[in-house]
Amino acid sequence: MPPQCLIPDRALSILAETQSSVPTQEIEDDHEAEVESLVSGIDLDDRMEQSASTGTHYLREASSVFKKQKLDQTVMSDNLKKASANVVVDNTLNEYRRLWDQFKSFCAELGFVDDAQVMDKYAQDIPEGLPSWIAVWIMNKADDLDIHTGKPKDPSVPRVKYATAQKMRAAISHKFGRDFGFGEQPWSQNAATGTFSGNPSLSVVVSQYMISLQRRKVRAGEELWEFNIKYSTDRRRTTSRKRKAEHPEDWAGYRVRQMLQLLYIVSMLCLLRFDEALRIMWTDITMFVNDDGIHCVRLDLPFRKTAQYGGIAPFPLYPNQEQPWLCPVRAFAKWWQLCGEMNIERTGYIFRKRVGRDGSNDNFVQCFRNNLVDILIDPRPYGTHSFRRGGWCQYLAMVKRWPIRDICTWGGWAENFDNPSTIFKYLMSWVDTPLLERKDYFNPKRATADTCHQCGRTCTCA
């Protein structure tokens, strides 16, 4: 086996720089996020295999996303027999296989291995340098720096986006996690034998590099709520099972999507776990007009995971005219109206059986995954926990600029602040971009901050 030193010197230097600049907590956060993504992907694979064996659909087909075409009943019937043949997730599996083949070829080209095919037997005798090989492979495709020179690549040299770099890593995670059977076992060395085992994609080396890469790239994507809000209101008719089978893009109609949108908004604004949000009842909701004549919504939860016997402070929610897609009052009013149109009594659970009832979130996970497929996002990397952690607690701190104490009080977290590591685990993330260089912290002439969307000021105290 060729030694690790065959990695280009400049690539090793870049990896070394990332090791010295990435804090341990960020590596742990990255590891946790990758594990959640891996577990979600394996769960999705299992469900897809089960649905294929029973001839049912777990997720909508992707062919209708990329190209609309008419199929006769005979063709459709044949397609239904292989329900998972053309879904986004199966296309992703094919992409994972293609990326694994690319990785093997890359390792052979750089001399890491003599024969690329030997890497298909890496369920045993895994080389020590494999995590570095993965990082250098991603670096070669995604980084602005050349792996041989360490200098910026020529503008004519194509490079992939960060989302593709994540998929490259996910392909390795999937290969070792599922195909080689390591699951979420961390990368480690056996002290007795000196051999290495586990999932190399979960190694410190790969985590450090991905964090560093994320800091140097801008990630953009279409937001999920935009699709649901703009979904055609002409589709308010009830969708039959036959139509759903013939048109997988109609896995849910306008009403279900508005219910999902309300669920997303409430969970994010109130920093709720999804099992908590799914148990909200109509009796927990109060519409009121405040002293300024503004129509508001108040949510009173009877219990939470951290408060099983009540005593939970209410969540007063205000309308958001500037960002209507984030407006809880509008979302509640819309779902109240739709329930009336469907002759559904406004009693019991707010979120109906279609997305989860009695605290069960299994149906919701399926809807959430289908919703991601709607906007051509592979659902594997995303878990429900990311809404609460990666979204709004950081939004409140970084965008709304709430003090940490206010965020903790609003979310009902650690009133005595006796577990600060857990609090900061939610507030800080490896996807955060550093806002200021260290040399400018006390610089009186440092650059102005981003314009505050509320007051329009650009001073650093805004």
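Because the model is predicted, local features need pLDDT of at least 70 and side-chain atom pairs count only at pLDDT 80 or more, while totals for chains, interfaces and linings use all residues. Residues are numbered from 1 along each chain as its sequence is written, and side-chain values use heavy atoms, with hydrogens and water left out.

The secondary structure of the chain comes to 17 helices and 5 strands, where helices (H or I, at least four residues) and strands (E, at least two) are DSSP runs numbered from the N terminus. Of the 462 residues of the chain, 44% count as buried; buried means under 20% relative accessible area, exposed means over 50%, and partly exposed lies in between, with a 1.4 Å probe and protein chains only. Among the contacts in the chain with a separation of 6 or more, 66% are between residues 24 or more positions apart, a contact being heavy atoms within 4.5 Å.

In soluble globular proteins, nonpolar side chains tend to be buried together. A nonpolar core is here a set of buried Ala, Val, Leu, Ile, Met, Phe, Trp, Tyr and Cys residues joined through side-chain atoms within 4.5 Å. The largest such core has 57 residues, of which Leu 262, Leu 272, Ile 280, Leu 299, Trp 335, Ile 350 and Phe 364 touch the most other members. Helix H11 (residues 254-269) gives the most to this core, with 11 residues. Apart from this core lies another, of 42 residues, with Ile 14, Leu 99, Phe 180 and Val 206 among them.

Helix H11 has 16 residues and reaches 22 Å from its first C-alpha to its last, close to the 22 Å expected at 1.5 Å a residue; the expected span of a helix is 1.5 Å times one less than its number of residues. This helix is mostly covered, with 16 of its 16 residues buried. Just after H11 comes Leu 271, which takes a positive phi of about 55° and lies in the loop between H11 and helix H12 (274-277). Most residues other than glycine have a negative phi. Leu 271 is itself buried, with a relative accessible area of 0%.

Helix H13 (residues 328-341) has 14 residues and reaches 20 Å from its first C-alpha to its last, close to the 20 Å expected at 1.5 Å a residue. In H13, Pro 328, Val 329, Ala 331, Phe 332, Trp 335, Leu 338 and Cys 339 are buried, and what covers the buried residues of this helix includes H11, strand S3 (285-289), strand S4 (295-299) and strand S5 (315-317). Asn 343, in the loop between H13 and helix H14 (362-374), has a positive phi of about 60° although it is not a glycine. At 71% relative accessibility, Asn 343 counts as exposed.

A search of the whole structure finds 2 cavities of 30 Å³ or more, a cavity being a set of points, on a 1 Å grid over the protein atoms alone, where a 1.4 Å probe fits but cannot get out. About 80 Å³ of space lies in the largest cavity, the volume being the space filled by probe spheres set on the points. Its lining consists of 10 residues, of which Ser 37, Leu 38, Tyr 96, Ala 170 and His 174 lie nearest its centre; lining residues have an atom within 4 Å of a point. Helix H2 (24-54) and helix H7 (162-179) each supply at least two residues of this lining, and H2 gives the most, with 5 residues.

Pro 158 is in the loop between helix H6 (130-142) and H7, and is exposed, with a relative accessible area of 69%. Its C-alpha atom and that of Lys 141, 17 residues apart along the chain, are separated by 8.0 Å. Met 210, by contrast, sits in helix H8 (residues 204-215) and is buried, with a relative accessible area of 1%. The C-alpha atoms of Met 210 and Ala 165, 45 residues apart along the chain, are separated by 8.3 Å.

Definitions and conventions
1 Å grid on protein atoms, 1.4 Å probe; cavity = no way out; pocket = protein on both sides within 12 Å on 5 of 7 lines; lining within 4 Å.
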